[in-house]
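Try each task before reading its solution.

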Amino acid sequence: MTTAAGHDALAIAHQFALVGEIVSASPYGSGHINDTYKVDVKPAGGPSRFVLQRINHNVFRRPDELMANVERVCAHAFAKLKEAGEPDAERRTLRLIPTLEGKAWHIDAAGNRWRCYHFIEGATGHDVVRSPEQAYAAAKSFGAFQSLLADLPGGRLHETIPDFHHTPFRFARFQQALAHDAHGRAAAAVPEIAFALARAHEVSVVVEALRDGTIPERVTHNDTKLNNVLLDDITQEGVCVIDLDTVMPGSVLYDFGDLVRTSTSPAAEDETDLAKVRMQFPMFEALVKGYLESTRGFLTPRESALLPFAGKLITFEIGLRFLTDWLEGDTYFKIKRPTHNLDRARTQFKLVESIEAQLPAMQALVARV
Ligand code: ADP
Ligand code: GN1
Ligand code: MG
């Protein structure tokens, strides 16, 4: 079967070393970047579901380097969990299924890169946070993930998207898009553009701290939105961090910042009723608690002090990226309606406002704990 995206995922699934009869491959999940399919296999004694993904090579220009990173990260995380005697290690980290040729990824006739993972059963990625327990679990999991990768052997990981969280570069790109206004859309986003321009002076804080060495570079996830960690369906505990495409050198502030963006508001990322969008303090408290629990061993005082600001910065940065994509004609993020990217930008900026209003209280909380 060929999907709307034009790929015969079922045929591709047959390129992987799956035990049993492959019965279907259907679109799955709500990611904005890759094409994800759930593959069902008629059990022949083994696992019966898998995740098949086509890497979006317009976004990830060097997919082979990306897969080399993913292979290293998965192998290291799994080995460490096993070594630590984790009984549920098979569910706690992504594991690649090799191709029939024994490779970690498959290249199809059109040059697309495909990979296949074990399906993490009994756990779900949530688009919207429902309870402080979920926020706590997500932050604890991403912190534990950073901790697990702190001793990754084999040298620096590839930068799968160079300057991914370089907020000043993101800002410059936005200014370029605005100057060109190639699709005549700027007129429809006057307040959002003014909002962005008014915050130019804050965009350099984290990249400058990295540059002058006041905070360290670490191996970070860089895309820690809530739905990139699967939570146990029964206990709500964090089970497995997924979406490893952007695992690369970065700052822990990028990871904590995106947790604030995606795990404190009761509204979806693309909510159009802005009255529903706000930073809920109990969720932030839960994030801080969970995150510090798993990172206390290595986090520096300067990193801790910047956690609240990181929430504001990364929410602003992603809002800026949505607004830029809107101005550039929706070439990057998948959209489901014409104003989707503009709606997403508005939601992010509303959340930035809410964070700004509570920043002193957020900083006081972090200083206290
Ligand atoms: P994207 O980069 O497009 O966000 P993801 O890697 O996050 O792609 O995958 C998209 C969705 O597929 C996830 O949000 C999650 O719901 C689901 N998913 C991905 N990998 C697995 C897995 N190994 N087991 C179960 N579900 C998965
Ligand atoms: C994308 O892949 P996904 O959907 O988890 C994006 C993130 C954004 C996010 C916004 C590689 O994440 O940077 O923060 O959308 N990933 C990439 O929802 O650009
Ligand atoms: Mg994802």
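**Exercise 1. Which residues come nearest to ligand 1?**

Before we start, the ground rules. This is a predicted model, in which local features need pLDDT of at least 70 and side-chain atom pairs count only at pLDDT 80 or more, while totals for chains, interfaces and linings use all residues. Residues are numbered from 1 along each chain as its sequence is written, chains are lettered from A and ligands numbered from 1 in the order in which they are written, and side-chain values use heavy atoms, with hydrogens and water left out.

Step 1. Collect the shell, taking a residue as near if one of its heavy atoms lies within 4 Å of the molecule. That gives 19 residues around ligand 1, and those that come nearest are Asn34, Gln53, His118, Ile120 and Asp243.

Step 2. Look for polar contacts (pairs of N or O atoms within 3.5 Å; within protein, one must be able to donate a hydrogen and the other to accept it, and residues adjacent in sequence count only if both atoms are side-chain atoms). Gln53 uses a polar side-chain atom, 2.8 Å from an oxygen atom of ligand 1. Asn34 goes through its backbone instead, with an N or O atom 3.0 Å from a ligand oxygen. At His118, a polar backbone atom sits 3.0 Å from a nitrogen atom of ligand 1.

Step 3. Check the cover, using accessible areas from the Shrake-Rupley method with a 1.4 Å probe (for residues, only the protein chains shown count as cover). On its own, ligand 1 exposes 550 Å², and the protein buries 94% of that.

Step 4. Strand S3 (49-54) and strand S5 (113-118) are the elements that give two or more residues to the shell around ligand 1.

**Exercise 2. Why does ligand 1 lie between domain 1 and domain 2?**

Domain bounds here come from an automatic or database domain assignment. Domain 1 (9-60 + 96-121) and domain 2 (132-368) both give residues to the shell, so ligand 1 lies between them.

**Exercise 3. Which residues coordinate the magnesium ion?**

Step 1. Find the donors: N, O and S atoms within 2.8 Å of the metal (3.2 Å for Na, K and Ca), bearing in mind that water is not among the atoms, so sites may look incomplete. Ligand 3, the magnesium ion, is coordinated by Asn228 (OD1) and Asp243 (OD), at 2.2 to 2.3 Å.

Step 2. Asn228 is in the loop between strand S7 (218-220) and strand S8 (229-232), and Asp243 is in the loop between strand S9 (238-241) and strand S10 (248-250), so the two tie together parts that are 15 residues apart in sequence.

Step 3. Compare exposure, where buried means under 20% relative accessible area, exposed over 50%, and partly exposed in between (1.4 Å probe, protein chains only). Asn228 is buried at 4%, whereas Asp243 is partly exposed at 25%.

**Exercise 4. How many residues surround ligand 2, and which are the closest?**

Step 1. There are 17, and the closest are His32, Lys225, Glu269, Arg321 and Tyr332.

Step 2. Go through the contacts to ligand oxygen atoms. Lys225 has a polar side-chain atom at 2.7 Å, a polar backbone atom of His32 is at 2.8 Å, and a side-chain N or O atom of Asp223 is at 3.0 Å. Taken alone, ligand 2 exposes 440 Å², of which the protein buries 97%.

Step 3. Helix H11 (residues 307-327) supplies the largest share of this shell, three residues.

**Exercise 5. Which residue's backbone oxygen does the side chain of Thr347 reach?**

Step 1. Thr347 lies in helix H12 (residues 340-368) and is buried, at 4% relative accessible area.

Step 2. The Thr347 side chain reaches the backbone oxygen of Glu271 at 2.9 Å.

Step 3. Asp343 also has its place in helix H12. The C-alpha atoms of Asp343 and Glu271 are 7.1 Å apart, though 72 residues separate them along the chain. Asp343 is buried, at 8%.

**Exercise 6. Is Asp330 buried or exposed?**

Asp330 lies in the loop between H11 and H12 and counts as buried, at 17% relative accessibility. Its phi is near 60°, a positive value in a residue other than glycine. Most residues other than glycine have a negative phi.

Key
Helices (H or I, at least four residues) and strands (E, at least two) are DSSP runs, numbered from the N terminus.
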